[in-house]
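Hi,

Here is the structure I promised to pass on to you. Have a look at it first, and then read my notes below.

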Amino acid sequence: MDTDTHQDTPNPKPPSLPRIRTFQQDISAEVSRQGATLTTIVGAERERAARELALGTEEAREPSTNTRNRRSLSLLLGTVGLVLFGILLLIGISLFGSEEYELKDDSPAIVLPNQRILVPNIGSRDIVEALSVTRRNTSLPLGEIAMVVMVSGTATTSASEMLSALGAPAALIRETNELMIGIHSFNRNQPFILIRVGEYDRALAALLEWEEEMGRSLGSFFRPLNGTTPPTTEFTDTVYRNLDIRKSQDTWPIMYGFLQNDLIVITTNEQTVTELQSRLRAAPVR
């Protein structure tokens, strides 16, 4: 009897699930692979964590540092801008605003002077004294002429104001078109006044009216070397180089006349008259 001889084949094992690795197993594997110890691994982890923390802190600080840098740069640029603005302002004033601060000497020069002397006008009552001080303190080479210009603020004092301060009659002031006051260097400084007028007859009548008070009006500006108190002046007619002249007493010398029909000269000596005549002929200034 045939007997089936067969052996039971064992059933194959079903595929197993992947093994779950634990942290302990990872540590053990890493220790075996690197030959490290648990202590060294923990230390390395701490160092790595410290580096990451430091990097994160630096990254966190970076915006704050950038902000400070930007503020510093803005402050620096602002300071530089203000300095440049100040410099440009000063340059602008010096180049473009100078006309507002510089004296405008637009007074007429009836004859060509060698120089101009600017004298501050501190009030009409002090004009004569200011002219007197200028006459005493001005040093000129022999024969030269200086034009004295009285200034008020940034403009020259008007002819009418000057003549009023010198005590000229109102009729003469009304006839005046131009005025020049100056000093001629001859036997000490000699004062002179040139007045360009409109009408000869009216101007002459005003001068005749002024004669008696002319010494006191012109005062210290026309004072002679040894003069003290201006007297009442008395004038007489004389002729000097074909020029009709009215001349006061020798103790307080004043003379005046017409260099031209429209031009009066008032001075203290004949040499100044001659010099003014020469300059008018050589280079008249109108």
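Ile 181 sits in strand β4, which covers residues 176-185; strands (E, at least two residues) are DSSP runs, numbered from the N terminus. Please keep in mind that this is a predicted model, where local features need pLDDT of at least 70 and side-chain atom pairs count only at pLDDT 80 or more, while totals for chains, interfaces and linings use all residues. Residues are numbered from 1 along each chain as its sequence is written, and side-chain values use heavy atoms, with hydrogens and water left out.

With a relative accessible area of 3%, Ile 181 is buried (under 20% relative accessible area, 1.4 Å probe, protein chains only). Leaving aside neighbours within four places in sequence, its contacts (heavy atoms within 4.5 Å) include Leu 131, Val 148, Met 162, Phe 192 and Phe 221. Ile 193 is another residue in contact with Ile 181; the two are 12 residues apart along the chain, and their C-alpha atoms are separated by 4.6 Å.

Now for strand β8, residues 255-260, which is mostly covered: five of its six residues are buried. Strands count as paired if DSSP finds at least two bridges between them. Strand β7 (residues 243-247) pairs with β8 in the antiparallel sense over three bridges, and here Ile 245 stands opposite Gly 257. β8 also pairs with strand β9 (residues 263-267), again in the antiparallel sense, over five bridges. β8 and β9 form a hairpin, with two residues between them.

Best wishes

Notes
Helices (H or I, at least four residues) and strands (E, at least two) are DSSP runs, numbered from the N terminus. Buried means under 20% relative accessible area, exposed over 50%, partly exposed in between (1.4 Å probe, protein chains only).
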